Amino acid sequence: MGDVSKLREVVERVVSDTLEAHVAALKSEIVERASRELESLVTEQAARAPAPEASSDGSTPAGGAPTDLLNAAFCTVLDSGSQSEILSSLLEGTGKFSQRSALFVLKGGNAVGWRARGFDNNDAIRSISFDPNSGLAGRAYGDRQTVQAAAAEFDAKFISTFGEPLVGTNAIVLPLVLRDKVAALVYADGGAIGKMDPSALECLTRGAGLWLEIVAARKAGVPVAAPESEPDRTGTQRMAAMPEPSKPPAPEVPPPPPPPPPPVVSAPPLPPAPAPVQAAAAVAAASDGIAPEDEEVHKKAKRFAKLLVDEIKLYNQQKVAEGRANKDLYSRLKDDIDKSRGSYEKRYGQGAAGPADYFNKELIRILCDGDPALLGSGFSR
């Protein structure tokens, strides 16, 4: 019996270590898989978006491509390591492509409001619960396909609480699919300004579902299997560990205990990471003065800053061009810049990445092509 226990410990440790050693490969796999599945949607979005201005050498400047914002939003999802973080990043990303959005988790046979953004009272979403088999949501849920229709078709209580979008009447409902099961529904509309990009929303939601599968596999230490859950009235299984809607952010499932110390029976050694890659990473971190344990935080902060500045540029291309020509970018974009800086400071300003001030660095790199003088005299760092 003792030998069996030791062998079990060896197997658990090897599986855990192997998964950790191949995290980068898993991340690369999900990006490639998402890219293949969503290529047609991205192409459609690019065809509709305004053409970016070209630099003097003919290349596309940073933040200028139509899909830069989508890429940055998806990278933010990939930087999230837990279920609730992924869903939060997904909902935040929808704000780049719609004016109002909400996420509903499937629980006990109902779609229950989890979080919302862009509404006058986002917290009111937690009072919304409806049958996912009816109305506009029922079409998205039953067919596991994105649907667009009049917002009034979504849910009567939702519309009476938040109202219909003021510009345009259509809304979009997107199913968040995990292992061929609908685990959540995303609602989005154009709000008061008509801002909505259905293709980008679909790309982001599908990608978030794929990344949730990968994260679940890594945490479980085994390939993703059909999760245990209760059936709804149609017999479809629900993901059991979706975040609790009444207490956002949702609690995570407790992580598994750390692997036990190596037993007497030795496990086969894992192949080490290539030495040049390890050396390059160490040199880069040391040259930036970043402690190894803070590298991940700095990477996430830089990506979030890039996402914020890319959004400013994408939706204010005329102002950016005029601001560069007159060297008064900050005065023309003050509201957008200050709002985005506030979002960055709230998330990373007081942490390990705070002193690096990635927001201002990306502001200068993307909006000013590296020349801070283009921001004008009113800008203070």
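Guide: The dialogue below treats the chain as a whole, then a helix, a core and a pocket. This is a predicted model, in which local features need pLDDT of at least 70 and side-chain atom pairs count only at pLDDT 80 or more, while totals for chains, interfaces and linings use all residues. Residues are numbered from 1 along each chain as its sequence is written, and side-chain values use heavy atoms, with hydrogens and water left out.

Visitor: How many helices and strands are in the chain?

Guide: Helices (H or I, at least four residues) and strands (E, at least two) are DSSP runs, numbered from the N terminus. The chain has 13 helices and six strands.

Visitor: What percentage of the residues in the chain is buried?

Guide: A residue is buried under 20% relative accessible area, exposed over 50%, and partly exposed in between, with a 1.4 Å probe and protein chains only. Of the 381 residues in the chain, 43% are buried.

Visitor: Why is helix α13 described as largely enclosed by the rest of the structure?

Guide: Helix α13 spans residues 358-367, and eight of its ten residues are buried, so the helix is largely enclosed. Among the buried ones are Tyr358, Phe359, Ile364 and Leu367. The buried residues of α13 pack against α9 (295-314), α10 (317-326), α11 (329-332) and α12 (334-349).

Visitor: With which residues is Leu367 in contact?

Guide: Contact means heavy atoms within 4.5 Å. Leaving aside neighbours within four places in sequence, the partners of Leu367 include Val309, Ile312, Val320, Leu329 and Ile337.

Visitor: Which residues touch the most other members of the largest nonpolar core?

Guide: A nonpolar core is a set of buried Ala, Val, Leu, Ile, Met, Phe, Trp, Tyr and Cys residues joined through side-chain atoms within 4.5 Å. In the largest one, which has 61 residues, they are Leu103, Tyr344 and Leu367. Helix α7 (residues 198-220) supplies the largest share of this core, nine residues. A second, separate core of 26 residues includes Phe154 and Tyr187.

Visitor: What is the volume of the largest pocket?

Guide: On a 1 Å grid over the protein atoms alone, a pocket is an open set of points with protein on both sides within 12 Å along at least five of seven lines, and lining residues have an atom within 4 Å of a point. A volume is the space filled by probe spheres set on the points. The largest pocket has a volume of about 1300 Å³. Of its 38 lining residues, the closest to the centre are Glu92, Lys96, Arg117, Phe304 and Ser343. Helix α12 gives the most to this lining, with eight residues.

How values were computed. On a 1 Å grid over the protein atoms alone, a cavity is a set of points where a 1.4 Å probe fits but cannot get out, and a pocket is an open set with protein on both sides within 12 Å along at least five of seven lines; lining residues have an atom within 4 Å of a point.
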